[in-house]
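Here is a friendly walk through a structure that may be new to you. Have a look at it first, and then we'll go through it piece by piece.

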Amino acid sequence: MLSLMSLKIIMFGRLADIAGNAVSVNDVTDTDSLVSELNKKYPGLSNTKYVIAVNKEIIKENTPLNKKSIVALLPPFSGG
Amino acid sequence: MSDKNPYERYNRQVILPEFGTDGQQKLLRAKVLVIGAGGLGCPALQYLTAAGIGTIGIVDDDVVALNNLHRQVLYSVNDIGLSKAERAAGILRQLNPDIRIIPYNERLTTQNALQLFDEFEIIIDGTDNFSTRYMINDACVLMNKPLVYGAISQFEGQVSLFNQPLTGSNEAVNYRDLFPDPPKEGEVLNCAEAGVLGVLPGIIGTMMANETIKLITGIGEPLVNQLLTYNALSNQVFVLNLSARSETRSLIPKNESEFLKTDYVWLCSSPVASEEIDVDTFNGLIEKENVDVIDVRELHEIPSVNEFKHLRIPLAQLGDNTWSIKAENVIAFCQSGKRSLQAAKILNGIFGNSKKIYSLRGGIIEWKKQQQTV
């Protein structure tokens, strides 16, 4: 199986509080499988609202990932 | 003095080749509405006033409080208890008496938003809650006004310029293309709950002023179709590209009358009150599927409970452990029924409409008592 150790995951805001900043997930080939792996590893993420960006583009549907992908998980902020 | 050279005040920016008297004239003709004269609004207002935006409106119905002063840098201790909109206007007029500053000491609502926005060309969102943010976004889409957006949490901030198409395009991205629906109360913490480093809104609010000035004068590259995130701890800046979603339009009121009927406060709140239940109802519920029972007492408290399956999450740790609650129906209990009510309130705040939350009246004491009498 393809190992994707070098996939980079960046957590913003409260998500970093839940999962920390050194998040790594193995063997995921798309964003849907990434989300389900993250939910298993960090159950607190499953009831938290966020959007996903792959290579700095906000995605709207399941998106393929590779070793060089940079994935960012971004929650909404309300403060002012 | 100012008769001789009307641009003396603005000399240091006018001498920038990209800016010139042309850029200054554009600023002096511009009409900008700043919503929220708080952490983001204060620095944005200060720089926009100093830069010579011709007309600035300030909407805020709040008054200055002592715990505002670490980040809302326009105000001093003498302003505590006074209207933010009025005080900001007074202080800014001293900074620049040559421009028009209009305070609106009122809360932005669907009833006044469209009329107010009509008087201005650019809207700046420095508010502190989702219901107002979604309302501002929708009003800007309806009225085709560019929206300078900024938001903060703890050590991080977001900035963008919404509803402004790229030159040559007529497709504009708005906030709902990024986050289509408002989170429910409790899904995201506000500054009062999560805290914020005072200097952070200073940085983000100043960036918002910068985006506004770039948009008006046409210099540089404003954050069109982009979201900038800034982390004050790591100094990391991340710029994400945004694109319009076809389904976004269906989420936004189609016209003025639909907008007036939209209840933005309700969209962002969790109106379900927690329900207190008696021992009989409790016994009925715990027989059912899809129910999680939680003992919110401290782990050492007695009597211990072996009669039915339950989770043990002390009240103080509840907020951090809600991930372990999976069922759609949740019943909290404690010793006497008081703490479980608090727990139910917390859980309602976190889960909103997605779960039904109950609290056992009389607590485990009452429950044990009734089992003996049966």
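## Chain A

Of the 80 residues in chain A, 35% count as buried. Buried here means that 20 or more other C-beta atoms lie within 10 Å of a residue's own; with 12 or fewer the residue is exposed, anything in between is partly exposed, and the C-beta atoms are placed from the backbone. Keep in mind that this is a predicted model: local features need pLDDT of at least 70, side-chain atom pairs count only at pLDDT 80 or more, and totals for chains, interfaces and linings use all residues. As for the labels, residues are numbered from 1 along each chain as its sequence is written, while chains are lettered from A and ligands numbered from 1 in the order in which they are written.

Chain A has 2 helices and 4 strands, and reading along the sequence gives you the pattern β-α-α-β-β-β. Its radius of gyration is 12 Å, close to the 12 Å that the globule rule gives for 80 residues, so chain A is as compact as a globular protein of that length. That radius is taken over C-alpha atoms, and the rule is 2.2 Å times the number of residues to the power 0.38. Helices (H or I, at least four residues) and strands (E, at least two) are DSSP runs, numbered from the N terminus. The C-alpha trace of chain A spans about 45 × 25 × 20 Å along its principal axes. Among the contacts in chain A with a separation of 6 or more, 59% come from residues 24 or more positions apart; a contact means that two C-beta atoms, placed from the backbone, lie within 7 Å.

## Where the chains meet

How many residues does each chain bring to the contact? Chain A gives 21 residues and chain B gives 33 residues. On the side of chain A that touches chain B, the elements giving two or more residues are strand 2 and strand 3 of chain A. The residues on that side of chain A divide into 9 nonpolar, 7 polar and 5 charged.

Lys56(A) sits in the loop between strand 2 (51-54) and strand 3 (57-58) of chain A. Lys56(A) has a positive phi of about 70 degrees even though it is not a glycine. With 13 C-beta neighbours inside 10 Å, Lys56(A) counts as partly exposed.

## Chain B at a glance

Chain B holds 14 helices and 13 strands, and 43% of its 374 residues count as buried. Its C-alpha trace spans about 95 × 50 × 40 Å along the principal axes. Residues 24 or more positions apart make up 70% of the contacts in chain B with a separation of 6 or more.

Helix 3 (residues 41-51) of chain B is mostly covered, with 9 of its 11 residues buried. Among them are Cys42(B), Leu45(B) and Leu48(B).

Strand 5 (residues 147-153) of chain B runs antiparallel to strand 6 of chain B, and 7 bridges join them. Strands pair if DSSP finds at least two bridges between them. Their hairpin has 2 residues between the strands, and Gln154(B) takes a positive phi near 55 degrees there. Strand 7 (residues 226-231) of chain B is also antiparallel to strand 6 of chain B, joined by 5 bridges. Ser160(B) stands opposite Tyr149(B), and in strand 7 of chain B its bridge partner is Leu227(B).

## Two loop details

Asn163(B) lies in the loop between strand 6 (156-162) and helix 7 (175-178) of chain B. Its phi is near 60 degrees, a positive value in a residue other than glycine. Asn163(B) is buried, with 23 other C-beta atoms within 10 Å.

A cis peptide bond joins Ile302(B) and Pro303(B), with omega about 5 degrees. Pro303(B) lies in the loop between strand 10 (291-295) and strand 11 (311-312) of chain B.

## Confidence

The mean pLDDT of chain B is 91, and 94% of its residues reach 70 or more. pLDDT is the predictor's confidence in each residue, from 0 to 100. The model scores ipTM 0.90 and pTM 0.76.

Key: Ala, Val, Leu, Ile, Met, Phe, Trp, Tyr, Cys and Pro count as nonpolar, Asp, Glu, Lys and Arg as charged, and the others, Gly among them, as polar.
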